[in-house]
Amino acid sequence: MKALVTGGAGFIGSNLVRCLCDRGHDVVVVDDFSSSGRTVVDGRAMLTPGSVGDFKLVKRLLKGVDVVFHLAATGIIKLSLENPMLYFENNVMNGITLLEAMRQSGVNKIVYSSSSGAYGEPRRVPIKESDAAQPINPYGAAKLAFENVLSSYYHAFGINSVSLRYFNVYGPGDEQRPVTRAVPSWIKAALRDEPLTLYWQGRQKKDYVFVEDVCRANLAAALKCRGCHVYNIGSGRGILIRDLARLLEKIFGKRLVTKDKGNRLGDPRVLVADITKAGRELGWEPKVDLGTGLKKTIEYYAKNFV
């Protein structure tokens, strides 16, 4: 197939591009490099600098495309609290521009990188796709809003969509700027013998899923993209943040000092995925356990950032 990957130079996007190329697909990438600053992708793909909000550019790139993987987004929760309008502009309005270009180009399949941030604070754990979605920050609200836009474009215009609600994705290639996610920031700190910064005394419980598993979920969604669907993409297992620090300590084989910064606004205390639906309907399940994934991630940062 021929695929357009928006945000294909970012963390998950660059891994997905490589995954698609490995399988022999024709891949076109558009990215404005605002997420990681990475300006190169797998050499087998065609990279075009630009914004998803550029209608003429996107429409040109859609020529002959079978499926769109939409990963382009402004994605740091803390910054969404500081500039909500930017998040709704980039994550909703630019997405509508993409859908309009798809509609006019006759492209009727999109796999959307949504977020567990759509749920907010869950009433039960693990959380199912059918549970109430009540976002507690503008980032999560924008992600959920675009899921509703996709529903309208399916029912009104026949554009098939799969929304993948990612939980905490980690792995090689995460060069987010500024670094806010625990795994990359902690690994870099550990490599430099610096304290690991955490919140809530490490009592938050999160669900970590390896980026290679996320890429496989995208491929499964593209192959079975008929209708309008939403799936949780996580490990199905929660881990306390303080236990994650201890696991890293065990892998590194040295004591790691932690530094608590109190509470963090807009960040759920507990969020763990029920992945039954993805297994049943997509035939997907995570294959990389947390210990193995962390070792692979540490190898990447030890090689590229120290």
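A residue is called buried here when its relative accessible area is under 20%, exposed when it is over 50%, and partly exposed in between, with a 1.4 Å probe and protein chains only. Helices (H or I, at least four residues) and strands (E, at least two) are DSSP runs, numbered from the N terminus. The model is predicted: local features need pLDDT of at least 70, side-chain atom pairs count only at pLDDT 80 or more, and totals for chains, interfaces and linings use all residues. Residues are numbered from 1 along each chain as its sequence is written, and side-chain values use heavy atoms, with hydrogens and water left out.

Seven of its seven residues are buried, so β6 is largely enclosed by the rest of the structure. In a regular strand the side chains alternate between the two faces of the sheet. In β6, one side carries Asn160, Val162, Leu164 and Tyr166, the other carries Ser161, Ser163 and Arg165, and all of these are buried, so that both faces are covered.

β6 belongs to an open sheet of seven strands with parallel pairing, in the order β3-β2-β1-β4-β5-β6-β11. Two strands count as paired if DSSP finds at least two bridges between them. The edge strands, each pairing on one side only, are β3 (46–49) and β11 (228–233). From one strand to the next the twist averages 20°. Angles here run from 0 to 180 degrees between N-to-C directions, and axes are lines fitted to C-alpha atoms, for helices over the stretch in contact.

Two of the pairings can be followed at residue level. Strand β1 (residues 2–6) runs parallel to strand β4 (residues 67–70), and four bridges join them; Leu4 has Val68 in β4 as its bridge partner. Helix α7 (residues 211–223) packs on this sheet, where it touches β4, β5 (109–115), β6 (160–166) and β11, and its direction makes about 160° with that of β6. Contact means heavy atoms within 4.5 Å. β5 and β6 also run parallel and are joined by seven bridges, with Ser115 bridged to Tyr166 in β6.

Helix α7 also packs against helix α1 (residues 11–22), at an angle of about 60° and with the axes 9 Å apart. On the α1 side the contact involves Phe11, Ile12, Asn15, Leu16, Cys19 and Leu20, and on the α7 side Val211, Val214, Cys215, Asn218 and Leu219. By class this contact has nine nonpolar, two polar and no charged residues. Ala, Val, Leu, Ile, Met, Phe, Trp, Tyr, Cys and Pro count as nonpolar, Asp, Glu, Lys and Arg as charged, and the others, Gly among them, as polar.

Val183, Trp186, Ile187, Ala190 and Leu191 of α6 meet Ile241, Leu244, Ala245, Leu248 and Phe252 of α8, a contact with ten nonpolar, no polar and no charged residues.

There is also an open sheet of three strands, ordered β12-β9-β14, with mixed pairing. Its edge strands are β12 (239–240) and β14 (270–271), each pairing on one side only. Strand β9 (residues 205–206) pairs with β12 in the antiparallel sense over two bridges, and Lys206 has Ile239 in β12 as its bridge partner.

Tyr139, in helix α5 (residues 138–157), counts as buried at 12% relative accessibility. Leaving aside neighbours within four places in sequence, Tyr139 is in contact with Thr74, Gly75, Ile77, Ser80, Tyr87, Asn91 and Ser115. Glu89, in helix α4 (residues 84–105), is partly exposed at 42% relative accessibility.

Most residues other than glycine have a negative phi, and most peptide bonds are trans. Asp193, in the loop between α6 and β8 (196–198), has a positive phi of about 60° and is exposed, with a relative accessible area of 61%. Trp200, in the loop between β8 and β9, has a positive phi of about 55°, but counts as buried at 13% relative accessibility. A cis peptide bond with omega of about 0° joins Val125 and Pro126, and Pro126 lies in the loop between β5 and α5.
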